[in-house]
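Please open the structure in your viewer and get ready to select a few residues. We will go from one stop to the next.

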Amino acid sequence: MTTPQQLHIPVLLADTLAVLSPSRGERYLDLTAGYGGHASPIIERIGGANHAVLCDRDDYAIAHLAQLQERGARLIRADYLSAVQQLASEGDKFDMILMDLGVSSPQLDQAERGFAFSHSGPLDMRMDRASRLTAAQVVNHYSESELVRLLTDYGEIHSRLAKALAGAICHRHRRQPFQTTLELAEVVRRRVGELDGGKYHRVHPATQVFQAIRIEVNDELNQLRRTLPRLAELLNSGGRLAVITFHSLEDRIVKQFMDDQSDGLDAPYSLLTGKPILGSINDAFQPRARSAKLRAVCKK
Ligand SMILES: C[S@@+](CC[C@H](N)C(=O)[O-])C[C@H]1O[C@@H](n2cnc3c(N)ncnc32)[C@H](O)[C@@H]1O
């Protein structure tokens, strides 16, 4: 049987343990529990899964967390904003909260999830497979101006290129709707090649396009913006909040929130990480670590 650790290698594990500093009997909330890569060693240190609540919106991840549920952990299959609202309404309190944002390795590796263009899959990209909006609906039904907005805001693509790419995507979907990740990646690669004369790109030109669509499909930035301010009410005094981000849009939101909320005597938090702790660019086991940033605060 594949262990969760083989499916997804946790990023910045030692540093996360250092900032969260779990001790026996403490309560742990993991809002993006994935395959328990962070949760399992934390549960060892707090001395029991019954002190842990594990949330994920992906049914595949939740199925793999069943072994921690059998040991007493509470599982919540929901987006983390809904989970936090539910826990707050129950008056639950924790000593540590972790958010390890973005996608898991299985989401990227399984072609049928449609997150990657390294292999052909349906244009899906939903973390929660029961949710409504898919990547296919975005690329085949959004207007050109909606696509420009998405590519500039979520893909961080400059506006001239975003307009050219949105034009190419609409031109193609009017003739023949996109079905697969490779079809989309190819249209983007071709249009970028026409504009820059086929220059070599270290990173595939479709990377930022896929990031933008994934953020839209999963409403990632709104979820994050709305969830962070709700977490103080779930933390005990002295409780630690750690967030791992994977791109600058997420990191900007987390940095601003943590800086604002730890500024001044009356602020609810104090900073545990002045500068973010960076993932290793040489992590052969987990390539996602290259862009990872860990930030943490402590509730006063
Ligand atoms: C990077 S993985 C977490 C991996 C986990 N820390 C581990 O080491 O096994 C991110 C997980 O968060 C989940 N996720 C992302 N955004 C979410 C959201 N808004 N609500 C709930 N789960 C979310 C994804 O489905 C994915 O399983």
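Start by selecting helix α11 (residues 181-196), where Arg 190 and Glu 186 both lie, 4 residues apart, about one turn of the helix. Helices here are DSSP runs (H or I, at least four residues) and strands likewise (E, at least two), numbered from the N terminus. The model is predicted, so local features need pLDDT of at least 70 and side-chain atom pairs pLDDT 80 or more, while totals for chains, interfaces and linings use all residues. Residues are numbered from 1 along each chain as its sequence is written, and side-chain values use heavy atoms, leaving out hydrogens and water.

Now show the side chains of this pair. Arg 190 forms a salt bridge with Glu 186, the closest N and O atoms being 3.6 Å apart; the term means a side-chain nitrogen of Lys or Arg within 4 Å of a carboxyl oxygen of Asp or Glu. Arg 190 is partly exposed at a relative accessible area of 47%, and Glu 186 is partly exposed at 29%. On this scale buried means under 20% relative accessible area, exposed over 50%, and partly exposed in between (1.4 Å probe, protein chains only).

Next, select Arg 71 and Glu 44, whose salt bridge has its closest N and O atoms 3.2 Å apart. Arg 71 sits in the loop between α5 (66-70) and β3 (74-77), and Glu 44 in helix α3 (residues 39-46), 27 residues apart. Glu 44 is exposed, with a relative accessible area of 51%, and Arg 71 is partly exposed at 48%.

Are Glu 220 and Arg 214 buried or exposed? Select them and look: both are buried, and their side chains meet in a salt bridge (2.8 Å, N to O).

Finally, colour the two domains: domain 1 (4-106 + 221-299) and domain 2 (111-218). Their bounds come from an automatic or database domain assignment. Domain 1 and domain 2 bury about 1100 Å² between them, 48% of it on carbon and sulfur atoms; buried area is the accessible area (1.4 Å probe) that two parts lose on being put together, summed over both. In domain 1, select Arg 57, Val 103 and Leu 249, which lose the most area to domain 2, together 41% of what that side buries.

Between the domains there are 4 salt bridges, and a search of the whole structure finds 19.
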